[in-house]
Amino acid sequence: MEQGRRLSWSDLQCLARRKPASSTVRAGAGAAAVGGNGRSLAKALSVPHLMAIGVGSTIGAGIYVLVGTVAREHAGPALTISFLIAGIAAALSALCYAELACRFPSAGSAYHYSYICIGESVAWLIGWALILEYTIGGSSVARGISPNLALFFGGEDKLPFFLAQIHVKWLDTAVDPCAAILVLIVTALLCLGIKESSVVEGVITIANVAIMLFVICAGGWLGFQNGWPGYNVPKGYFPNGASGVFSGSATLFFAYIGFDAVASTAEEVKNPQRDLPWGMCLTLSLCCFLYMMVSVVIVGLVPYYAMDPDTPISSAFAQYGMQWAVYVISSGAVLALIASLIGAILPQPRIVMAMARDGLLPPIFSAVDQRTQVPTLSTILTGICAAILAFFMDVSELAGMVSVGTLLAFTMVAISILIVRYAPPSEMPMEGADPGSLESLASHTDHSEPVVEILEDPFGNVKAPTASEVANMVRRQKAKRCIVLVCFGVIIFASAVSFSSLPL
């Protein structure tokens, strides 16, 4: 009985074990050195590639629908402020991802961070939640493409058989060959290499951004010509008060989900400490700007209570006689769906590969193709699963699980940041400087990398700071950060007071 209890306690300890911070990177580097077991990914991504992946994954076709739904039901003309609040909340999550990606630049995203900071059991749960999230998200995006293509063929009844959804008697839902074909095409593209995939994603994203700029410019011209009738409404700028603005921002937060796909490519970035924060910050800044400008224009063209909840942007242009603009906007929706599909399938094989590296999946899935330097087997497996799901199943009933997986991943990333910052240095294996160096002492003091001041004696000779001087520098930097946070809080409080004092 004692031996059985010891085995049971040992099993429980294994569930809570954490891996060293740099174990995965060392494994990949060793594989690259010997060139035998093929476990290293290509270092091929820079800031433009990360922006292409991030913007393409974030800006989906939801923006073409959410504008009307949130404006009608929640925010009214104050939709722009709801987008801004949601963007700030997403930026805080993105900064958490950016810091962890800089400290632990390896494939796996939230799974990798949870394994290092929390434990194996939580990492296992997060890994499968992310796989479920990306699989269902990609399948649902793929099934939404064929209805948007129907406009160009004159209706769903005139679509070719390989693009239309086909109703089968013995199935409760229609099969969608178009969705399955597109998933398989994207899977083949991802097998060619990460740089080639990011270039194609960038071309599609540039076209999508150009269509959104067309909506902003053409809609702005119509607004100035007609006096912005959408803002001349009886209940004013805040028809539902501050509660409507905040409830609208809670819905719009999911329009920013997608930047975590950037973190999953951390191992393939040339300079992750520099490029990952820039990539995530520029991605969210561009997305927030486009969202806010589109909302300013569309809410100003049509009163919020008269918006079409299904096609708010195209119907707004149609009311001003610009029927041809409907085709342009529908093209943007199709391009946004294709870019989101690439962004949804891209992280899956990297998470599978990371779990296989750690022994939570068969090691065969950790193999990396020597020529393309991508996890080809994992990519093909996840692509086939997503294609089958998109072909046979109506994933709308399972779409709620995507939100659950995203919420779980974001929560674990935030907890990981707290552990990295405040756990004792002996319990949190950090990556980087030599344990006896001053940089290591500073990182153990504050779990960050402070800027060490260069000290000179009266004769101009440079001398290294002592341990007490480094600790003083860390305290000063912490005080500066506290002052910045206090000032930021005062600004937010003053802004809230000023908004609440406006006549509603």
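Predicted model: local features only at pLDDT ≥ 70, side-chain atom pairs only at ≥ 80, totals over all residues.
Trainee: What makes up the fold, in helices and strands?
Mentor: The protein has 20 helices and four strands. It has 504 residues, and 50% of them count as buried.

Trainee: What share of the contacts with a separation of 6 or more joins residues 24 or more positions apart?
Mentor: Such pairs account for 80% of those contacts.

Trainee: Let us turn to single residues. Why is E268 called buried?
Mentor: Its relative accessibility is 0%. Buried means under 20%, so E268 qualifies.

Trainee: Where is E268, and what does it touch?
Mentor: E268 sits in the loop between helix 12 (260-263) and helix 13 (272-301). Leaving out residues up to four places away in sequence, E268 touches L41, A42, K43, A44, L45, I194 and R350.

Trainee: Why is P277 called partly exposed?
Mentor: P277 has a relative accessible area of 22%. Partly exposed lies between the 20% limit for buried and the 50% limit for exposed, so 22% puts P277 in that class.

Trainee: Which element holds P277, and which residues are its contacts?
Mentor: P277 lies in helix 13. Not counting residues up to four places away in sequence, it touches A98, C102 and P272.

Trainee: How far apart are P277 and V262 in sequence and in space?
Mentor: They are 15 residues apart in sequence. From C-alpha to C-alpha, the distance is 9.8 Å.

Trainee: Are C287 and C178 buried or exposed?
Mentor: C287 has 0% relative accessibility, and C178 has a relative accessible area of 4%. The limit for buried is under 20%, so C287 counts as buried, and so does C178.

Trainee: What makes helix 3 mostly covered?
Mentor: Helix 3 has twelve residues, and ten of them are buried. Among them are V47, H49, L50 and A52. The elements that cover the buried residues include helix 10, helix 12, helix 13 and helix 15 (324-345).

Trainee: Which residues does S340 contact, and why is S340 called buried?
Mentor: S340 lies in helix 15. Leaving aside neighbours within four places in sequence, S340 is in contact with G56, S57, I59, G60 and V141. Its relative accessible area is 10%. That is under 20%, so S340 is buried.

Trainee: How many residues does helix 10 have, and how far does it reach?
Mentor: Helix 10 has 33 residues and reaches 47 Å from its first C-alpha to its last. That is close to the expected 48 Å.

Trainee: What about the phi of W228, and why is W228 called buried?
Mentor: Phi of W228 is near 50 degrees, a positive value in a residue other than glycine. W228 is in the loop between helix 10 (194-226) and helix 11 (241-252). Its relative accessible area is 18%. The limit is under 20%, so W228 counts as buried.

Trainee: Why is Q373 called partly exposed?
Mentor: Q373 has 31% relative accessibility. That falls between 20% and 50%, so Q373 is partly exposed. Q373 is not a glycine, but has a positive phi of about 60 degrees. Its place is the loop between helix 16 (347-357) and helix 17.

Trainee: Last, which residues form the nonpolar patch on the surface?
Mentor: L184, I380, I384, I388, F392 and M393 form it, with about 510 Å² of accessible area together. Helix 17 (residues 376-392) gives the largest share, four residues.

Conventions. Residues numbered from 1 in each chain as written. Heavy atoms only, no water. Helix = DSSP H or I, 4+ residues; strand = E, 2+ residues; numbered from the N terminus. Buried < 20%, exposed > 50% of the residue type's maximum accessible area, 1.4 Å probe, protein only. Contact = heavy atoms within 4.5 Å. Patch = residues over 30% accessible without salt bridge, like charges linked within 9 Å, V, L, I, M, F, W, Y side chains within 5 Å. Areas by Shrake-Rupley, 256 points an atom, 1.4 Å probe, with all protein chains shown as cover. Salt bridge = Lys/Arg side-chain N within 4 Å of Asp/Glu carboxyl O. Expected span 1.5 Å × (residues − 1).
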